[in-house]
Amino acid sequence: MDRLAIVSIVFIIMLFTGIGIMMTPAKISATLSGQSNSSMLEVLIMMASVLTVAGLVGMGVVGFIISKE
């Protein structure tokens, strides 16, 4: 498999994981800690937003690299 294909798959997984976490962060927070507290919720939302932005930017860079070839 091509290195560029593997990198694009990783960025797609990051993007959809971030979106999935942002859809129901309260349920995930309650599952992980037993109760939904605000600090765990803040960490989950921050992690989800970082994953989403990194996935989007990464896909943009991969698209730019593919278009240059």
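Which helix does Ser8 lie in? Ser8 belongs to helix H1, which covers residues 3-23. Keep in mind as you look around that this is a predicted model.

- Ser8 has a relative accessibility of 14%, so it counts as buried, since buried means under 20%.
- Once neighbours within four places in sequence are set aside, Ser8 is in contact with Met59 and Val62.

**How H2 and H3 meet**
- Helix H2 spans residues 25-33 and helix H3 spans residues 38-68, and their axes come within 9 Å of each other.
- The two axes cross at roughly 125 degrees, which makes H2 oblique to H3.
- The crossing of H2 and H3 is right-handed.
- On the H2 side, the contact is made by Pro25, Ala26, Ile28, Ser29, Leu32 and Ser33.
- On the H3 side, Met40, Leu41, Leu44 and Ile45 take part.
- What kinds of residues make up the contact of H2 with H3? There are 8 nonpolar residues and 2 polar ones, with no charged residues.

**Ser38, a serine in H3**
- You can find Ser38 in helix H3.
- Is Ser38 buried or exposed? Its relative accessibility is 52%, so Ser38 counts as exposed, because the cut-off for exposed is over 50%.

Definitions and conventions: Residues are numbered from 1 along each chain as its sequence is written. This is a predicted model: local features need pLDDT of at least 70, side-chain atom pairs count only at pLDDT 80 or more; totals for chains, interfaces and linings use all residues. Side-chain values use heavy atoms; hydrogens and water are left out. Axes are lines fitted to C-alpha atoms, for helices over the stretch in contact, and angles run from 0 to 180 degrees between N-to-C directions. Helices (H or I, at least four residues) and strands (E, at least two) are DSSP runs, numbered from the N terminus. Angles under 35 degrees count as roughly parallel, over 145 as roughly antiparallel, 65 to 115 as roughly perpendicular and the rest as oblique. A crossing is left-handed if the near helix is turned anticlockwise from the far one by less than a right angle, and right-handed if clockwise. Contact means heavy atoms within 4.5 Å. Ala, Val, Leu, Ile, Met, Phe, Trp, Tyr, Cys and Pro count as nonpolar, Asp, Glu, Lys and Arg as charged, and the others, Gly among them, as polar. Buried means under 20% relative accessible area, exposed over 50%, partly exposed in between (1.4 Å probe, protein chains only).
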